[in-house]
Amino acid sequence: MALKITVIGTGYLGATHAAAMAELGFDVLGLDVVPEKIELLSQGRVPMYEPGLEELLRKHVAGIEGSSGRLRFTTSWEELGAFGDVHFVCVNTPQKHGEYACDMSYVDAAFASLAPVAREGSLVVGKSTVPVGSAARLSEVLPEGVELAWNPEFLREGFAVQDTLHPDRLVVGVASERAEKLLREVYATPIAEGSPLVVTDFPTAELVKTSANSFLATKISFINAMAEVCEAAGGDVVKLAEAIGYDERIGAKFLRAGIGFGGGCLPKDIRAFMARAGELGADQALTFLREVDSINMRRRGHMVELAREALGGGSFLGKRVAVLGATFKPDSDDVRDSPALNVAGQIHLQGGQVTVYDPKGMANARQVFPTLGYAESALDAVRGADVVLHLTEWREFRELNPAELGAAVGSAVILDGRNALDPVRWREAGWTYRAMGRPVA
Ligand code: UDX
């Protein structure tokens with residue numbers, strides 16, 4: 001009989017995983033402790049913006065016309081326990097307030113609720129990003145006969161569906177052959193389609209995730225450090241990235257210099273990793289991550305200074321600043337630790353009159369930063385602006401008509417915080433275009 005799957009936590013990770021499991025042919029029950037989310041998902045609606053996810057959900061959520069009916073949602077732990085052969089734990093592990101360490105309270109709460117209801121013989125699979133050592137600790141919470149595995153997730157927001165159905169690799173940390181066999185059964189389709197499966201112990205599986213994100217963060221901060229040097233020396237970091245990226249050992253991806261990384265993962269993951277290494281007495285191994293973090297945070301301050309410079313130096317008081325982009329990356333509505341929103345906020349707090357526009361992130365941005373000005377379109381945001389900041393590289397912004405915008409602004413100066421606009425197009429339309437780590441024309 002086919003395995004029955006449950007998914008605990010229905011954020012970006014859990015909602016996508018649940019829909020993907022249904023797509024792979026399993027009967028799936030998703031659980032969240034927030035009833036409003038369950039209500040939305042049960043109607044085939046997604047509480048966030050993630051391309052392709054709503055379509056995939058609607059294909060499977062029970063009760064929707066034409067759906068496979070394989071996917072249902074609940075708030076009941078008893079129902080979940082009775083249903084599942086394999087339980088995927090996909091809850092959030094944010095940064096603790098005022099500390100580097102990871103907040104494990106959602107994971108701990110999930111395990112505490114799951115332990116008494118999980119059937120004997122069922123397998124619990126952790127997907128959340130956790131400090132190394134957590135799996136060993138959490139396996140103690142589960143009753144005899146209920147086993148644990150750790151299976152980190154590498155999905156990117158904006159590509160969550162694609163990354164879940166066709167992962168670069170699958171990593172499973174297991175303590176028995178049975179757990180490995182069950183997970184091979186769950187992932188039979190992606191494995192058959194060529195996704196390699198790496199089987200490890202618990203600590204290695206946990207470390208794969210944090211080290212992968214640390215490497216990505218380091219790569220971005222490396223190119224941003226080069227941008228600083230390029231600016232000082234008159235070089236062009238975009239050309240530099242292109243040239244070093246042709247070396248296959250380096251690779252062209254994740255070498256986009258700009259205002260740096262943000263989001264719900266990279267910043268908090270490198271901090272939690274440092275905190276955990278400290279607890280393990282291995283803090284020296286990761287001191288470089290402190291530098292990675294500080295290079296990254298410096299980018300935001302640098303953008304604020306470039307904006308000040310563009311306004312003639314001095315105070316932001318009375319200056320109108322248009323900000324294009326609020327999310328931490330395009331194709332997402334996520335504003336968690338968003339560099340764009342941070343820059344907008346810094347300028348606002350220094351007296352600037354900031355107007356933000358983002359294609360999908362407005363509702364979340366308004367919630368996080370209600371005192372900023374918001375406009376309903378890029379054109380409305382730039383109306384009368386003394387400077388325009390391009391801070392999230394949405395396709396919509398690349399396709400803007402610089403001439404049309406130029407007619408609406410007070411002064412046609414654009415600072416490209418993502419090195420994503422075409423300088424020639426903007427300059428030809430009469431704009432002063434300035435990017436990060438590139439020569440001032
Ligand atoms: C990341 C990892 O990529 C993913 O594997 C993991 O599962 C979760 O964390 P995500 O946070 O969705 O995914 O976004 P990602 O595409 O990695 O971008 C992170 C940040 O880095 C964004 O703010 C992005 O703008 C920035 N970035 C990315 C750069 O500044 N330059 C780059 O070259 C690439």
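Okay, quick one before I start: when I say two residues are in contact, I mean their C-beta atoms, placed from the backbone, lie within 7 Å. With that in hand, let's look at a pair of helices and then a bit of sheet.

This is a predicted model, by the way. On confidence, the protein chain averages a pLDDT of 97, and 100% of the residues score at least 70. For the complex, the predictor gives an ipTM of 0.98 and a pTM of 0.97.

So, helices. Take α10, residues 202-233, and α11, residues 237-245. Who touches whom? From α10 you've got Ile 223, Met 226, Ala 227 and Cys 230, and they meet Val 237, Leu 240 and Ala 241 of α11. The two axes come within 9 Å, crossing at roughly 135°. Anything over 145 would count as roughly antiparallel, and 65 to 115 as roughly perpendicular, so α10 ends up oblique to α11. As for handedness, α10 passes α11 in a right-handed crossing.

Now over to the sheet, and strand β12, residues 387-390.

Which strands does β12 pair with? One is β9, residues 320-324, in the parallel sense, over four bridges; there, Val 321 has Val 387 as its bridge partner. Another is β13, residues 413-416, also running parallel to β12 and joined to it by three bridges. In that pairing, His 390 stands opposite Asp 416.

That's my tour, thanks.

How values were computed. Residues are numbered from 1 along each chain as its sequence is written. This is a predicted model: local features need pLDDT of at least 70, side-chain atom pairs count only at pLDDT 80 or more; totals for chains, interfaces and linings use all residues. A residue is buried if 20 or more other C-beta atoms lie within 10 Å of its own, exposed if 12 or fewer, and partly exposed in between; C-beta atoms are placed from the backbone. Helices (H or I, at least four residues) and strands (E, at least two) are DSSP runs, numbered from the N terminus. Two strands pair if DSSP finds at least two bridges between them. pLDDT is the predictor's confidence in each residue, from 0 to 100. Axes are lines fitted to C-alpha atoms, for helices over the stretch in contact, and angles run from 0 to 180 degrees between N-to-C directions. Angles under 35 degrees count as roughly parallel, over 145 as roughly antiparallel, 65 to 115 as roughly perpendicular and the rest as oblique. A crossing is left-handed if the near helix is turned anticlockwise from the far one by less than a right angle, and right-handed if clockwise.
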